[in-house]
Amino acid sequence: DLWGLGPELLLGVIREWGAVGGVLSHQWDVGGSGDGDINLTAINYFYAFFLDDGWQIAAGPSITYDHTRPSGDRWTVPLGFGVSKTAILGGRPWKFQLQYWNYVEAPDAFSAEHQVRLSINPVVSAPWNRGR
């Protein structure tokens, strides 16, 4: 029951070989009825290297720094690797992605050490690309 608000900055580059970049954000609590505080900095880095036939090597984990936790327990740092495939099914493009994240830094003993992510998403056109 807390509300957070803060700035966000996206930096990235898209080339014929792929895309790399990151989103830097920070949030503070600005209201709500819940107990606790929000003071969180995050970097969502991403990369995708294009291969043949719709395949990619890609991942997009988020590194976080929680300013409200005790010193020494503030960082969450995953390193990610993944593969994805974009394919046409039923006339619509779909993206299938499998990622593995290894947490090289985590705030406490109950934090994740590893994560496997499977995502299946329809690929939709951006509204500003309609009619092209």
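Strands, as named on this tour, are DSSP runs of E with at least two residues, numbered from the N terminus. The loop between β4 and β5, where Asp 53 lies, is named from the strands on either side. The model is predicted.

**The whole chain**

Begin with the entire chain in a cartoon view. The secondary structure comprises zero helices and nine strands, and the order along the sequence reads β-β-β-β-β-β-β-β-β. The radius of gyration is 18 Å, well over the 14 Å that the globule rule gives for 132 residues, so the chain is more spread out than a compact globule. Viewed along the principal axes, the C-alpha atoms fill a box of roughly 50 × 35 × 25 Å. Of the 132 residues, 22% are buried. Among contacts with a separation of 6 or more, 45% are between residues 24 or more positions apart.

Next, select Asp 53 in the loop between β4 and β5. Asp 53 has a positive phi of about 60°, although it is not a glycine. Asp 53 counts as exposed because its relative accessible area of 62% is over the 50% cut-off.

Lys 85 and Asp 53 form a salt bridge, in which the closest N and O atoms are 3.4 Å apart. This pair links distant parts of the chain, with Lys 85 in strand β7 and Asp 53 in the loop between β4 (39-50) and β5 (55-59), 32 residues apart. Is Lys 85 buried or exposed? Lys 85 is buried, since its relative accessible area of 18% is under 20%.

**The other salt bridge**

The count of salt bridges comes to two. Side chains of opposite charge can pair when their charged atoms come close.

**Ser 84 in strand β7**

Move to Ser 84, which is found in strand β7 (residues 75-89). Ser 84 is buried, with a relative accessible area of 1%. Which residues does Ser 84 touch, not counting those up to four places away in sequence? They are Gly 54, Trp 55, Gln 56, Ala 58, Lys 95, Phe 96 and Gln 97.

**Leu 118 in strand β9**

Select Leu 118 in strand β9 (residues 114-122). Leu 118 is exposed, with a relative accessible area of 65%. Leaving aside residues up to four places away in sequence, Leu 118 touches Gln 97 and Leu 98. For a distance to display, draw a line from Leu 118 to Ser 62: the two are 56 residues apart in sequence and 16 Å apart in space, C-alpha to C-alpha.

**The largest pocket**

Finish at the largest pocket, which holds about 240 Å³ of space. To centre the view, select Lys 95, Gln 97, Gln 99, Ser 119 and Asn 121, the closest to the pocket centre of the 16 residues that line it. Strands β4, β5, β8 and β9 each supply at least two residues of this lining. Colouring the lining by class shows eight nonpolar, six polar and two charged residues.

Notes. Residues numbered from 1 in each chain as written. Predicted model: local features only at pLDDT ≥ 70, side-chain atom pairs only at ≥ 80, totals over all residues. Heavy atoms only, no water. Helix = DSSP H or I, 4+ residues; strand = E, 2+ residues; numbered from the N terminus. Buried < 20%, exposed > 50% of the residue type's maximum accessible area, 1.4 Å probe, protein only. Contact = heavy atoms within 4.5 Å. Salt bridge = Lys/Arg side-chain N within 4 Å of Asp/Glu carboxyl O. 1 Å grid on protein atoms, 1.4 Å probe; cavity = no way out; pocket = protein on both sides within 12 Å on 5 of 7 lines; lining within 4 Å. Points joined across faces, edges and corners; volume = space filled by probe spheres on them. Nonpolar A, V, L, I, M, F, W, Y, C, P; charged D, E, K, R; others polar. Rg over C-alpha atoms; globule rule 2.2 N^0.38 Å.
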